[in-house]
Every structure is written in C-alpha cells, then in structure tokens.
Amino acid sequence: MDLQEIRGKLDQIDRQFVELLEERLDLCGQVAADKIKTGKAVFDKEREQQKLASVRAMAGNEFNARAAEELFTQLMTIKHIVLQAAIG
C-alpha cells in the first residue's frame with residue numbers, strides 16, 4: 001500500500017471507531033438507566049477493573065495490552081462524564 005491508501009484505510013477505521021464509540025456510549029447509558037431503575041449503583045469500580053483486565057488479555061502483545069488498557073481507561077472516564085451529566 002502507498003501512503004494515500006494507508007491514510008484512506010486509517011480514515012475508514014476512524015469512522016468505524018467513532019460509530020462503535022457512539023454505540024458503546026448508548027449501551028452504557030442503557031445500563032445506567034437499568035441500574036437506576038433497579039436501585040443499583042451506577043458506577044462499579046470492580047466491574048471496570050474486570051473490563052480492563054479483559055481488554056488487556058485480548059491484545060496480542062504487551063505494548064498493545066498497555067495501549068488497550070489506556071484506551072479503555074479513557075473510555076471509562078468519558079462514560080463517567082457523560083453519565084454524570086445525564087443523571088445529574
């Protein structure tokens with residue numbers, strides 16, 4: 001692949017990533033709504049730690065495992081901000 005093809009492929013991945021991010025945030029909102037309805041705590045630190053361990057395990061090497069953990073840590077921070085704004 002030449003540089004333009006690589007950049008085009010990256011652009012495709014970025015579009016997919018944004019679509020998946022929006023879907024993930026929507027699902028997180030649904031989870032939060034269900035937790036509120038059933039009287040459960042919205043934020044679950046233990047579940048978040050399990051998720052971080054899970055995404056680390058999905059990675060093919062240690063560098064990618066650290067990158068995945070950092071990415072999902074940031075996603076959780078974003079989720080917290082969005083949900084906190086939604087629930088007040």
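Modeller: What follows starts with the conventions, goes through the salt bridges one by one, and ends with the surroundings.

The model is predicted, so to speak of a local feature a pLDDT of at least 70 is needed, and side-chain atom pairs count only at pLDDT 80 or more, while totals for chains, interfaces and linings use all residues. Residues are numbered from 1 along each chain as its sequence is written, and side-chain values rest on heavy atoms, with hydrogens and water left out.

A salt bridge here is a side-chain nitrogen of Lys or Arg within 4 Å of a carboxyl oxygen of Asp or Glu. By this rule there are three salt bridges.

One of them joins glutamate 48 to lysine 79, with 3.2 Å between the closest N and O atoms. This pair links distant parts of the chain, since glutamate 48 sits in helix H2 (residues 45-58) and lysine 79 in helix H3, 31 residues apart. Helices are DSSP runs of H or I with at least four residues (strands are E runs of at least two), numbered from the N terminus. For accessibility, buried means under 20% relative accessible area, exposed over 50%, and partly exposed in between, using a 1.4 Å probe and protein chains only. Glutamate 48 has a relative accessibility of 7% and therefore counts as buried. Lysine 79 is buried as well, because its relative accessible area is 15%.

Arginine 56 takes part in a salt bridge with glutamate 62, at 2.7 Å from N to O. Arginine 56 also forms a salt bridge with glutamate 69, where the closest N and O atoms are 2.9 Å apart. The pair of glutamate 69, in helix H3, and arginine 56, in helix H2, again links distant parts of the chain, 13 residues apart.

Cysteine 28 belongs to helix H1 and is buried, with a relative accessible area of 14%. In contrast, alanine 53 is 26 residues from lysine 79 along the chain, and their C-alpha atoms are separated by 18 Å.

H1 and helix H3 (residues 62-87) pack at an angle of about 50 degrees, their axes 10 Å apart. Axes are lines fitted to C-alpha atoms, for helices over the stretch in contact, and angles run from 0 to 180 degrees between N-to-C directions. Under 35 degrees counts as roughly parallel, over 145 as roughly antiparallel, 65 to 115 as roughly perpendicular, and the rest as oblique; H1 and H3 are therefore oblique to each other. Their crossing is right-handed, meaning that the near helix is turned clockwise from the far one by less than a right angle, with anticlockwise being left-handed.

Further along H1, lysine 37 lies in the helix and counts as exposed because its relative accessibility is 68%. Between the C-alpha atoms of lysine 37 and aspartate 2, 35 residues apart along the chain, the separation is 52 Å.

Isoleucine 6 is also placed in H1 (residues 3-37) and is partly exposed, with a relative accessible area of 37%. Together with Met1, Leu10 and Ile13, Ile6 forms a nonpolar surface patch of about 410 Å² accessible area. Patches take residues with over 30% relative accessible area and no salt bridge, joining like charges within 9 Å and nonpolar side chains (Val, Leu, Ile, Met, Phe, Trp, Tyr) within 5 Å. Accessible areas come from the Shrake-Rupley method with a 1.4 Å probe, and for residues only the protein chains shown count as cover.
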